[in-house]
Amino acid sequence: MAGVAAPPKLEKKPVKFSNLLLGASLNMFEVTTLGQPLEVVKTTMAANRADGFAGAISKIWSRGGVLGFYQGLIPWAWIEASTKGAVLLFVASEAEYYARSFGAAPFVAGISGGMAGGLAQAYATMGFCTCMKTVEITKHKVAASGMKPPGTMETFMQIWRTEGIRGINRGVNAVAVRQVTNWGSRFGLSRVAETGIRRVTGKEGGEKLSVMEKVLASALGGGMSAWNQPIEVIRVEMQSKTEDPNRPKNLTVGKAFRYIYQNNGLKGLYRGVTPRIGLGVWQTVCMVALGDIAKEAVEKLTGDKVTAKH
């Protein structure tokens, strides 16, 4: 009787410099092109829930024309973009390996890795970066009153002096919840969309998907994962510098939720969902459609084979 083949040995994947460079490069390109303008529109709509899409565009344009759409890009969005891929990839890889070593199925291990990576990403870099971006975008009332608004680093130091590390990281718990649900749902929903595309195109046997099919699957997953927009609106409210005497002091996630719901209802909790879906689609196009081009460039630069999936 033939012996049963032993299952393949589980190996820990090394986190290569080439993978980190690829992630950072793609993230930097994404945020510097359409990423930050969509982020600014999304944040403005979430912070000013009485305004519609047109009102947000008008408000942003009045702050400085085209440059108004890039508020918070330097240095906060660049810091976030250049570091988040590295943190996410490293932690996700470790978490996925340990989940597999405890017997988790590849699909479950992948989601677990993504969620753990998203959590680490939130507390390591995204917390203070999203806080400072939101402060930059929502401090326009100072300019409207005729005073010169403080510069980027001046704003940062002012918050540091008055509120310390807690002020810089305000809303970080909401960021963490968003990232965990983002990566978990985006991964799962992308796989569901991919299964549907394979069924329609007759590639259920594991055949390679085309670039456009990959983009479509990931874009559908990214778009559908915007179901958690309320936590994003809560995050913006917690970090916002917009003055409102009726807003509770020392906002928590729960207090912010009640405040938004009481003032703006369910619709207010989904303000900014349209540009957020657009942002998810653009991120997908950058990571998937431009991934192969970036992969070749990084391999030539480092001489190291890129193994990261995009």
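**Close-up views of a predicted model**

View 1. About 400 Å³ of space lies in the second largest pocket, a pocket being an open set of points on a 1 Å grid over the protein atoms alone, where a 1.4 Å probe fits, with protein on both sides within 12 Å along at least five of seven lines; the volume is the space filled by probe spheres set on the points, which are joined across faces, edges and corners. The model is predicted, so that local features need pLDDT of at least 70 and side-chain atom pairs count only at pLDDT 80 or more, whereas totals for linings use all residues. Residues are numbered from 1 along each chain, and side-chain values use heavy atoms, without hydrogens or water. The lining comprises 19 residues, with Arg-170, Met-238, Ser-240, Arg-247 and Asn-250 nearest the centre of the pocket, where a lining residue has an atom within 4 Å of a point. Helices H4 (106-138), H6 (152-168) and H9 (229-239) each supply at least two residues of this lining, helices being DSSP runs (H or I, at least four residues) numbered from the N terminus.

**View 2. Helix H7 and the residue after it.** Helix H7 (residues 172-201) has 30 residues and reaches 42 Å from its first C-alpha to its last, close to the 44 Å expected, the expected span being 1.5 Å times one less than the number of residues. Just after H7, Gly-202 takes a positive phi of about 70°.

**View 3. Pro-230 in helix H9.** Pro-230 lies in helix H9 and is buried, with a relative accessible area of 15% (buried means under 20%, with a 1.4 Å probe and protein chains only). Leaving out residues up to four places away in sequence, Pro-230 touches Leu-269 and Tyr-270, contact meaning heavy atoms within 4.5 Å.

Conventions: Buried < 20%, exposed > 50% of the residue type's maximum accessible area, 1.4 Å probe, protein only.
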